[in-house]
Amino acid sequence: MAAVIETQVALTVADFKGKVDPDWCPGCGDFGVLAALKAALADLNIAPHEAVTISGIGCSSNLPGFINTYGMHTLHGRALAVATGVKLANHDLHVIVTGGDGDGFGIGGNHFLHTMRRNVDLLYVAMDNQIYGLTTGQCSPTSRLGMKTKSTPFGSVEGPINPIVLALAAGATFIARGFSGEPKHLTELMKQGIRHKGFSFIDVFSPCVTYNLDNTYPWFKQRVRKLESDSSYDPTNWDAAMEKAQMWGDEIPIGKFFERTDIPALDEAEPVLDVGGPLAHRRVGIPAELARQFVEELM
Amino acid sequence: MKYTFAVGIGGAAGQGVATPGNIFAKIFARRGLHLFAYNAYQSIIRGGHTFLTIRTGPEEVTNHGDRIDLLIPLNQDCMDRHLDLLGPGAAVIYNSDSIQPNNPPDGVRLCPLSARQLSASSRNKVEQNTLAVAASLSMMGVGFQTLEEILSQQFKKKGDAVVEENISGARSAYQYATEHFEPFPTALPRTENGYAVVTGNMALAMGGAAAGVKFYCAYPMSPSTGVLHWMAAHARKAGIMVRQVEDEIGVINMAIGAAHTGVRTMCATSGGGFALMTEGLGMSAMIETPVVVINVQRAGPSTGVPTKTEQGDLWQMLGAGLGDYPRIIAAPLDIPDCFKLTTEMHNLADRFQCPGIILSDLLLSEGHASVDPKDLDFNVPIDRGELITSPNGNGEPYKRYLITESGISPRAIPGLPGYVHTVATDEHMEDGVLISDEFTDPVKRRAMMEKRQRKVAGIEAAVPPPWLTGPADADVTLIGWGSTKGVIEEAAEILTAEGITTNQLQIRWLVPLNGDTITGILKESRRTIIVENNYSGQFARYLRSETSFVPDGHIRKYDGEPFMPHHIVEAVKDQLAGRTTLSVPAHEIRV
Ligand SMILES: Cc1ncc(C[n+]2csc(CCOP(=O)(O)OP(=O)(O)O)c2C)c(N)n1
Ligand code: SF4
């Protein structure tokens, strides 16, 4: 056999530059998330055609249009359901889901819950700005109690959900929190999340500089503390993670809260995928002998 | 009129109406007879009143008919509800230990069996259902051996003792009937044919499997759940991924994700679940990813009557989703057509990269029919349309939404080198980049809208027009769509035999409609009557909106039960006599 000389050119961030540049407001937190994602993919040497970036609708959900991978810009709240279909149809693909807190925890809350429980092997990056950006500044499921927004001009009387606590309770197997003001740390988390076989969730503080004047860059900068700086923290300990997840106020932990690797991902647990490779590459149709059996059963 | 024989078995849910039903179905099919079975039931697991009609004959049986020849009431309630509706020549077999008949109508024979006495003589306690089946077979002139085989099979798992017990119990009932009850005048015929007994839901599922579906997902909803059950039971052998999703919104979105990645995908639901899918359906059209959705209609609105049939979702299908987009909608005409249409729909959806909707209903989906195995041939033509499955060799930039004459743009699946692109539910340019936000552009928007809509012409050309059946020059033309084909056909035969020549135009493809062909046919008709299973005449209104055609009369039914032939026959006569132009037949059987 003739020797094949493979020149493996390392990928760079430039390889992931999308067809158009982001149209986010200058200073929007989402720029940091996009940059971190490109860096993570380049570092892991995942070629653009091997990844699919999938989003719902929102400012943050515009991300798939700004990155050079296969992409799907789907419906508001539905990205995780679509992504599950993509992953199961071709489990060789790296699937990344991005979107806002309204998209993921509001309208898409049901899919969030069930995608975690199923341990679908994908990375879900929630770009959490505690507000509805694209619809010009209404209250979101992560807006704090008392927050004044266009839909709550006198202050919200509803408490927020805590996505990390929710993910821990729902059985997610990789749970982290990042901050778009900490791009290197975020890139590292994304790389771990992509490598994790199973559902990886990263809730990212991605400030909306236009509509959320409470949770700003400086607000987060003062408060975030990296879990990685505490050498005694053990991310395999679910109880410890639950405790840390409830910390909020002057100190807010970011980093990897929890990871477990003892539960098979859905594509590993599904016997139909045991042999034969990805569904998308399989022969269409039913073998004649099997078809005969199916009809015979009914005679 | 051709020979048919109908058995009615009724009782409370949980009393085991299904088992004797299945035994009769097997016996009929194995004798080479056709059959059609309809089970009138309620959304209750135990109790209520369930009534199964199973009708057989040597020629095709397309509906459950007008007449019960043999009634097997399993409780007093069933006896009370049905005895009065029997006609001369009919017989009733019942357990006289617990059920007492009122005065039967003239010519109806009462055939009491005492389960207690029969069990005593055979020293076994056997279910009254089995005894009744055995006695019936004796009266129908069917040898006992057939039942013996079926009982051995049925009770095999429970061990030899149970098999023996049931067979000897059944034999004593068979002998008792031979000695005490006069047989029916015509013994059950036999032919050389062999049929499978299939529900519409099984046929839809098998059609999907034959078409190469590799991903099926659903959320349970009557009366569509049978598709999920067949898929789940056969998934591993057939290599089909089956998922039960959290809701129907998740279903359609997951299905589209899988379809977009290159596998043939299908999902089934009923009207309420379909309502949740409508936004997803628009996504399928906008990102141009084909998906096949089955809606098994039940009586609406809202939760409606979950176990009853209706053709009430047509306008929901026509109007599902915002904006204009190409879609294909068709209603199978009978149970074998559930299989055939599903295979065709997958090819069309793939070719035109848009949603394909199959509009079944409870009558077909949960009804049982004998199907010639030839009509379940899995070796069907597969046309995946312009699907790109190998890498881009020439390095040319790829435009997912390339503007073409046909409106169809070659579709590359994720994972292929050289075709990286992003699809979007926002309006986009040929390369997929949005034109909805910063760069809205009326010229490009119009071009994309027209590109997608150009597919409609292609779909129209690909879909065969409907045709008229029966005498060309008839007094009456009956127009129906989907599942009413069989019952209208029989009503037309009865009318024609009675001197009112009647022909039939049955619509299978709803979108596109082939309106010109339809009006061309109906122009020649002397009197046109549209028959449909809904309140407002949904098809009549649709036909009028598409073609301006207004029929002479309507026959509608929206009580949850399917038409019986005499409902249509009597309504046509009423309309010919000038008594009405809108008939709403009453359903005499209270189930
Ligand atoms: C079914 C549906 N409902 C509502 C909308 C309008 N909508 C678009 S984005 C959005 C919320 C955006 O907030 P979020 O998801 O947090 O993302 P952000 O814009 O803040 O990044 C809403 C309500 C929609 N597109 N679809
Ligand atoms: S509105 Fe907020 S979230 Fe949207 S782009 Fe502007 S800053 Fe970002």
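Let me start at Ser548(B), which sits in the loop between helix 17 (538–547) and strand 23 (553–556) of chain B. Keep in mind that this is a predicted model. Ser548(B) is not a glycine, yet its phi is positive, near 70 degrees. Is Ser548(B) buried or exposed? With 60% relative accessibility, Ser548(B) counts as exposed, since the cut-off for that class is over 50%.

Thr136(A) belongs to the loop between strand 4 (122–128) and helix 5 (163–170) of chain A. Its relative accessibility is 30%, so Thr136(A) counts as partly exposed.

Why point these out? Because most residues other than glycine have a negative phi, and most peptide bonds are trans.

Between Gly300(B) and Pro301(B) the bond is cis, with omega about 0 degrees. Pro301(B) lies in the loop that runs between strand 11 (291–297) and helix 11 (314–319) of chain B. A cis bond also links Val511(B) to Pro512(B), again with omega near 0 degrees. Look for Pro512(B) in the loop between strand 21 (509–511) and helix 16 (515–523) of chain B.

Now the pockets. The largest pocket holds about 1100 Å³ of space. Its lining is made of 37 residues, and those nearest the centre are Ala18(B), Asn22(B), Thr199(B), Glu366(B) and His368(B). Which element gives the largest share of that lining? Helix 1 of chain B does, with 6 residues. Other elements supply at least two residues each, including strand 3 (47–57) and helix 8 (225–238) of chain B. Domain 1 (5–180) and domain 2 (197–372) of chain B each contribute at least three residues to this lining. By class, the lining has 18 nonpolar, 16 polar and 3 charged residues.

The second largest pocket has a volume of about 570 Å³. It is lined by 36 residues, with Asp334(B), Ile335(B), Pro336(B), Asp337(B) and Asp375(B) closest to its centre. Two or more lining residues come from each of several elements, among them helix 12 (335–352) and helix 15 (485–497) of chain B. Helix 12 of chain B gives the most, 8 residues. Here the classes are 17 nonpolar, 9 polar and 10 charged.

That is the tour.

Conventions:
Residues numbered from 1 in each chain as written. Chains lettered and ligands numbered in written order. Predicted model: local features only at pLDDT ≥ 70, side-chain atom pairs only at ≥ 80, totals over all residues. Heavy atoms only, no water. 1 Å grid on protein atoms, 1.4 Å probe; cavity = no way out; pocket = protein on both sides within 12 Å on 5 of 7 lines; lining within 4 Å. Points joined across faces, edges and corners; volume = space filled by probe spheres on them. Helix = DSSP H or I, 4+ residues; strand = E, 2+ residues; numbered from the N terminus. Nonpolar A, V, L, I, M, F, W, Y, C, P; charged D, E, K, R; others polar. Domains from an automatic or database assignment. Buried < 20%, exposed > 50% of the residue type's maximum accessible area, 1.4 Å probe, protein only.
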